[in-house]
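This briefing covers the domains, the contacts between them, strand pairing, salt bridges and backbone geometry. Please read it alongside the sequence and the model.

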Amino acid sequence: MTTTQTPVEHLDVLVVGAGISGIGAGRYLKTELPAKSFAVLEARAASGGTWDLFRYPGIRSDSDLHTFGYEFKPWRDEQSIADASRILAYLRETITENGLDAHIRYSHRVLAASWSTADARWTVDVERTDTGERLQLSAGWLFCAGGYYRYDEGFTPVFPGRERFRGPVVHPQAWPEDLDYAGKRVLVIGSGATAVTLVPAMAGTAGHVTMLQRTPSYVMPVPRNDALADRLRALLGEERAFALTRRKNIARGIGIWRFCQKYPRAARRLIRWVNTKQLPEGYPVDVHFNPPYDPWDQRLCAVPDGDLFRAIRNGTADVVTDRIETFTEDGVRLASGRELEADVIVTATGLNVQAIGGISLTVDGEPVHLPDTVAYKGMMLSGVPNFVLAIGYTNSSWTLKIGLLCEHFCRLLSYMDAHGYDVARPEPSDPDMPTRPFLDFAAGYIQRAVDQLPRQGDRMPWLTSMSYSADVKLLRADSVTDPELHLSRSADRAVVTA
């Protein structure tokens, strides 16, 4: 490895990650703050984040693209629940249309960032993943848009006897291009969004696919295409139709979530009724599609046009609910004593959560311990100046929050420029404020990492909102200033709590 000796390049904003959040951030910066210098650093050699990383069969969104897409760029494809290739094309089109190519630096992994109050800037250590070169950049703001899971490995539990299995064991996050499962018996371990995507996608080629789950998930069929959106497009044109469809889908998503939260028993009965209609007569719905938790305590799994149910009906796939006792040479043996034979095993067992991309942060020489911080407006961290964390919704389309967050960030920077401030540091006025997990969500991948994440408070602006309507008011309509966001000028250190 070599270390550069050239002067450190300074940027107004450094965005980390060229996935859906980072591309959106770049577009807002370029449009709303054209005088600001910025770069988007991407550790991989390609843009697109999740939608370029995952290559497993059937990879698609589980949110409709009229809300998962950007507000500023209409979704024109006929698929509303869209394949990854279409989403990736949309993201790369966004890059080109907004002239972001020149701002994205590929194969640049951010290792650490150190804030200096004296200089009012971050010094950022970067590694070139293609050459091993180390370099430094400095920035007035650090905008972390890398999502919340590790890209280099997925989560796989320890399975006794795994080494005994004679066939391939594959995690969807590291899907081999040459995996041959045609005509073979495939066992998919898991019950979440990835599993319900993989099973019907593989069932058409495999000899048979079994989804083995320890605990059922709520699964609902949704139309792959939005018929009303197509009609509106024909009548009103792209722009107006997209705006109306987006509003319609936002309202529908909020309505479903609120119904499930307020009337969980009724929601459970309704989902069960829909499942019963989709499955063969006499199918044990309560064994395989009746979770022990209420709807939306974890994310509902959407299956476009009911493809999972169709695979079960036509006999190319089935579901088994049991626990694995051990892997065997030819498959797995379950706690019930049953043995499932397989030629290929897919561990669709989830993600490894990693906050802020694993970047090591220090503020004036003191390491930042994320669990000791509290999230301000769900986007900044207490005691950490000029830092933004881009995390979207867990109960709705991720990008709905990212768009509002980017708008608010640009408005904050404009306000600071207009009033001569260059440092923004959130600090709770009550140091004894009760806190709870930043992501108050029951999903296993969150619960495994909850003690590694920031916290949220019990009052605004320290609550992490998962309500789009509340965030429209907070992040779009309300002022960017707050008594608990301390703004200052680095030149004279005059602190203002405007």
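Two strands count as paired if DSSP finds at least two bridges between them. By that rule β15 and β16 form a hairpin with four residues between them, and Gly-337 in the turn has a positive phi of about 100°. The model is predicted. The domain assignment divides the protein into domain 1 (10-151 + 352-495) and domain 2 (156-349).

**Domains and their interface**

- The C-alpha centres of domain 1 and domain 2 are 30 Å apart.
- Contact between the two involves 40 residues of domain 1 and 37 residues of domain 2.
- Together the domains bury about 3,200 Å² between them, and 52% of this area is on carbon and sulfur atoms.
- On the domain 1 side, the residues that lose the most area to domain 2 are Tyr-56, Arg-60 and His-66, which together make up 21% of what that side buries.
- Four salt bridges are counted between domain 1 and domain 2.
- Arg-299 and Asp-62 meet through their side chains in a salt bridge, at 3.3 Å from N to O.
- Polar contacts between domain 1 and domain 2 number 14 residue pairs, with both residues at pLDDT 80 or more.
- Three elements, α3 (65-68), β7 (149-154) and α13 (468-477), each supply at least two residues of the side of domain 1 that touches domain 2.
- Of the elements on that side of domain 1, β7 gives the most, with three residues.
- Sorted by class, the side of domain 1 that touches domain 2 holds 17 nonpolar, 11 polar and 12 charged residues.

**The parallel sheet**

- An open sheet is formed by five strands in the order β8-β17-β9-β10-β13, with parallel pairing.
- At its edges are β8 (169-170) and β13 (317-321), each of which pairs on one side only.
- Five bridges link strand β10 (residues 208-213) to β13 in the parallel sense.
- Within this pairing, Met-211 stands opposite Val-319 in β13.

**The antiparallel hairpins**

- Strand β14 (residues 324-328) runs antiparallel to strand β15 (residues 331-334), and four bridges join them.
- Thr-328 is the residue opposite Gly-331 in β15.
- The hairpin formed by β14 and β15 has two residues between its strands.
- β15 is also joined by three bridges to strand β16 (residues 339-341), again antiparallel.
- Here Arg-333 stands opposite Glu-339 in β16.
- The turn between β15 and β16 contains Gly-337, the glycine with the positive phi of about 100°.

**Salt bridges**

- Side chains of opposite charge can pair when their charged atoms come close.
- The total count of salt bridges comes to 32.
- Asp-83 and Arg-224 form a salt bridge in which the closest N and O atoms are 3.4 Å apart.
- That pair links distant parts of the chain, 141 residues apart: Asp-83 is in the loop between α3 and α4 (84-97), and Arg-224 is in the loop between β11 (219-222) and α6 (227-236).

**Backbone geometry**

- Most residues other than glycine have a negative phi, and most peptide bonds are trans.
- Ser-107 has a positive phi, near 60°, in a residue other than glycine.
- The position of Ser-107 is in the loop between β3 (104-106) and β4 (108-116).
- From Met-460 to Pro-461 the peptide bond is cis, with omega near 5°.
- Pro-461 is placed in the loop between β26 (455-456) and α13.

How values were computed. Residues numbered from 1 in each chain as written. Predicted model: local features only at pLDDT ≥ 70, side-chain atom pairs only at ≥ 80, totals over all residues. Heavy atoms only, no water. Domains from an automatic or database assignment. Contact = heavy atoms within 4.5 Å. Buried area = accessible area lost by both parts, 1.4 Å probe. Polar contact = N/O pair within 3.5 Å; in protein donor to acceptor, adjacent residues only side chain to side chain. Nonpolar A, V, L, I, M, F, W, Y, C, P; charged D, E, K, R; others polar.
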